[in-house]
Amino acid sequence: MNADEPTLRDWIGRRESAEDSCDPRRVADMAATLDLDAAPEAGDRLPPGWHWMFFNPMVRARDLGPDGHPRRGGFLPPVPLPRRMWAGGRLEFLAPIPVGAALHRESRILSVAPKSGRSGQMVFVVVRHRLRADATPCLIEEHDIVYREAPAPDAVPAPAPPAPPSADAVWRRRILPDPVLLFRYSALTANGHRIHYDQPYVTRSEGYPGLVFHGPLTATLLMALAEAGLGKPLRRFEFRNRSPLFADAAFDIAGAPEAGGMTARVWACTPACGLATEAFAGT
């Protein structure tokens, strides 16, 4: 199916705003989901990446598409391609987000770009979010979304590019995913995308071998690894998802400091030592 480029480009510049609250109960639920011993309390700084559980509307069942996401054609353009993925993003942290703060987000579509590649037709959408907490600007984020064609029944997935050598890693952590973690994270982020919890759907309709680990959850784990290693709050973070991770296989996240300990390169590895996510962190 060909994307109607002029119509899709009409979405460039579209805006929306939303209100939410950095609810301490939801923050505690995220800490439990990530198996942390303690949760940030009211007034504490929200860890980076945890803001992704806010501003996610629970739409009516009749307004859901076949993939479990809200139907297209509202704020996001009505891209006529079935597979939707979080390709990456860029974050600039301006100030801490206090737990318990009132939140406001302004969003704007920066670009809609249809492209063709070896895997078929794609459409790339970039959305910029500006987040305020108790009226203080806290975060500027650019969110990259990619829409793709459904895979052919006999298609062989492209191999992941190689991850950095193990010797490059100064920090490393083993992640043990499972379907319960994916379900709980989906619930906290109001993410109805069926690739994260519906095994028959993800294997038969989208052609993946198993439940897909959330891209933003991988990025959140990488931000935590970088902050712990650098010993300072992050001010910048950029990431790109290169290959999927799955719920039934352990994987490693790793990283190393650069520029005298002011920045870091971090990455997630597939079980076969491929590059799943690559990222840059700066303090």
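Me: What makes the radius of gyration fit a compact globule?
Reply: This is a predicted model, and the rule for a compact globule of 283 residues gives a value near 19 Å. The protein has 19 Å, which agrees, so the compact label fits. Along the principal axes, its C-alpha atoms fill a box of roughly 50 × 45 × 35 Å.

Me: What share of the residues count as buried, and what does buried take?
Reply: A residue needs under 20% relative accessible area. Of the 283 residues, 47% count as buried.

Me: Which contacts link residues 24 or more positions apart, and how big is their share?
Reply: Take the contacts with a separation of 6 or more: 72% of them join residues 24 or more positions apart. For the fold itself, count five helices and ten strands.

Me: How do you know which side of helix H2 is buried?
Reply: Look at residues 24-33: the buried ones in H2 are Val-27, Met-30, Ala-31 and Thr-33. They cover an arc of only 160 degrees around the axis, and therefore sit on the same side of H2.

Me: What about the charges, where are their mean positions?
Reply: There are 33 positive and 32 negative charges, and their mean positions are 3 Å apart.

Key: Residues are numbered from 1 along each chain as its sequence is written. This is a predicted model: local features need pLDDT of at least 70, side-chain atom pairs count only at pLDDT 80 or more; totals for chains, interfaces and linings use all residues. Side-chain values use heavy atoms; hydrogens and water are left out. Helices (H or I, at least four residues) and strands (E, at least two) are DSSP runs, numbered from the N terminus. The radius of gyration is taken over C-alpha atoms; the globule rule is 2.2 Å times the number of residues to the power 0.38. Buried means under 20% relative accessible area, exposed over 50%, partly exposed in between (1.4 Å probe, protein chains only). Contact means heavy atoms within 4.5 Å. Lys and Arg count as positive and Asp and Glu as negative; His and the chain ends are not counted. The place of a charge is taken as NZ of Lys, CZ of Arg, CG of Asp or CD of Glu. The arc is that of the directions from the helix axis to the C-beta atoms.
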